[in-house]
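Subject: Structure handover

Hello,

Here is the structure I said I would pass on. Please have it open while you read the notes below.

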Amino acid sequence: MKEEFKMKAKYNQLFESFTLRSGVTLDNRLLMAPMTTQSSFENGMITTDERIYYHRRSQGVGAVITACAHVREDGKFASSPSVSSDKQIKSLAKLAQSIQSNGSKAILQIFHVGRMGNAASLRGLQPVSASAVPAPRKGAETPRELSEDEVWELVDAFGEATRRAIEAGFDGVELHGANTYLIQQFFSPHSNRRTDYWGGSLKKRMNFPIEVVKASLKAIKEHTTKPFIFGYRLSPEEIEEPGITLSDTVSLTKELKKYELDYLHISLGNIFGTSLRDKEGETPILSILQNEVGKDMPLIGVGKVNSPDDAVKAMNDFGIPLIAIGRQLIVDPDSIEKVLKDKEESIRTEILANNREDLKIPDAMWDYIKSRPGWLPIIDN
Ligand SMILES: Cc1cc2nc3c(=O)[nH]c(=O)nc-3n(C[C@H](O)[C@H](O)[C@H](O)COP(=O)(O)O)c2cc1C
């Protein structure tokens, strides 16, 4: 806890430092959740707008997890940052510095879009995935099934992306194994209908996530000279039939805990949420996962944590050590500083359109979030 701040004692636990397995110490328990800004250049380079947006939000958090960066050009969505070639390292280094210069750790989230991509953003390419099964969403394109060799090439691409993040000076990487993208697609019985090494049973559906973890760990061992954060984000369930069940996820986490991961980041719409599949289930998902793996691997909880009281409640209810905050940091980048200064009653809960300049929300991100009514509380004034 910093001496000059006089926050309420009930929030002390949010501001205790936390040392991860790798040896990296986060100054406090709050991280900025990864959020796509749709603001990179067409070639995946970071724009000045993006750097300013991150710099504005990196004060007060222990770490910022960036928007997902694609590991290969056939894995992008519109205006996502790229970590697919060495050409991007310089640009990514500027992104890392814009976060670190405010004293926060910078974690690059890396991903491949898989079947959630479309020919328009892939410049005419057909999206690829574990199997040729489209996502059950309106307008979803049918992906091309990757050959066995191509899957190994993708595993290598995650390793290479990890190396680039290290060379760009990031403090860590997070594998995006959540929110229906490619890593999750290999784990899902909906999108993975294969019968080779990469699918056919629960165990084999774990092979892609685990091989990707191994490839990133190898890059970390070979290329780092100091401790480096390595995290994994997952979505515990899918609503599709067939789809990932909580029991599948518990099995995956038991496998993941055999590797040197610093944390598991549990992607939920509401941090206190219960099962989407088992409507009778009354135990919050985080409580179940904390019991199953939390003692072996720190969990990050996320989802509608909009106040310090929400964060304290989640830590106490579930015993989880770390909390990620997403939209609240778009709405009020000073939320955490205000808690530290005992001014939490002045935390903003809505975006006033004429405040955009102060909030440093890039134009493209503004259009993106405005196109999704209900995502953010925006008041046009
Ligand atoms: C605009 C926006 C972009 C997002 N982009 C990503 C992303 O790139 N990677 C990811 O894992 N999650 C992404 N998410 C999900 C958030 O990380 C987070 O899990 C979700 O917003 C719930 O947390 P919150 O209620 O604190 O916002 C995004 C969410 C929003 C609102």
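Predicted model: local features only at pLDDT ≥ 70, side-chain atom pairs only at ≥ 80, totals over all residues.

Residues are numbered from 1 along each chain as its sequence is written, and side-chain values use heavy atoms, with hydrogens and water left out.

Ligand site

There are 18 residues around the ligand, and Pro34, Thr36, Arg233, Lys304 and Arg327 come nearest; a residue counts as near if one of its heavy atoms lies within 4 Å of the molecule. The shell consists of nine nonpolar, six polar and three charged residues. In that division Ala, Val, Leu, Ile, Met, Phe, Trp, Tyr, Cys and Pro are nonpolar, Asp, Glu, Lys and Arg are charged, and the others, Gly among them, are polar.

Some polar contacts (pairs of N or O atoms within 3.5 Å) can be listed. A nitrogen atom of the ligand lies 2.8 Å from a backbone N or O atom of Thr36. For Asn179, a side-chain N or O atom is 3.2 Å from a nitrogen atom of the ligand. The side chain of Arg233 has an N or O atom 2.6 Å from an oxygen atom of the ligand. On its own the ligand has 610 Å² of accessible area, of which the protein covers 91% (Shrake-Rupley method, 1.4 Å probe).

Ala69

Ala69 belongs to strand E4, residues 63–70; strands are DSSP runs of at least two residues and helices (H or I) of at least four, numbered from the N terminus. Ala69 counts as buried because its relative accessibility is 0%; buried means under 20%, exposed over 50%, and partly exposed in between (1.4 Å probe, protein chains only). Beyond its neighbours within four places in sequence, Ala69 is in contact with Pro81, Val83, Leu108, Gln109, Ile110 and Phe111, contact being heavy atoms within 4.5 Å. Ser82 is 13 residues from Ala69 in sequence, and their C-alpha atoms are 5.0 Å apart.

Backbone features

Glu241 and Pro242 are joined by a cis peptide bond, with omega about -10°. Pro242 sits in the loop between strand E9 (229–234) and helix H7 (246–256).

Arg123, which is not a glycine, has a positive phi near 50°. It lies in the loop between strand E5 (105–111) and strand E6 (128–129), and counts as exposed at 65% relative accessibility.

Regards

Methods
Polar contact = N/O pair within 3.5 Å; in protein donor to acceptor, adjacent residues only side chain to side chain.
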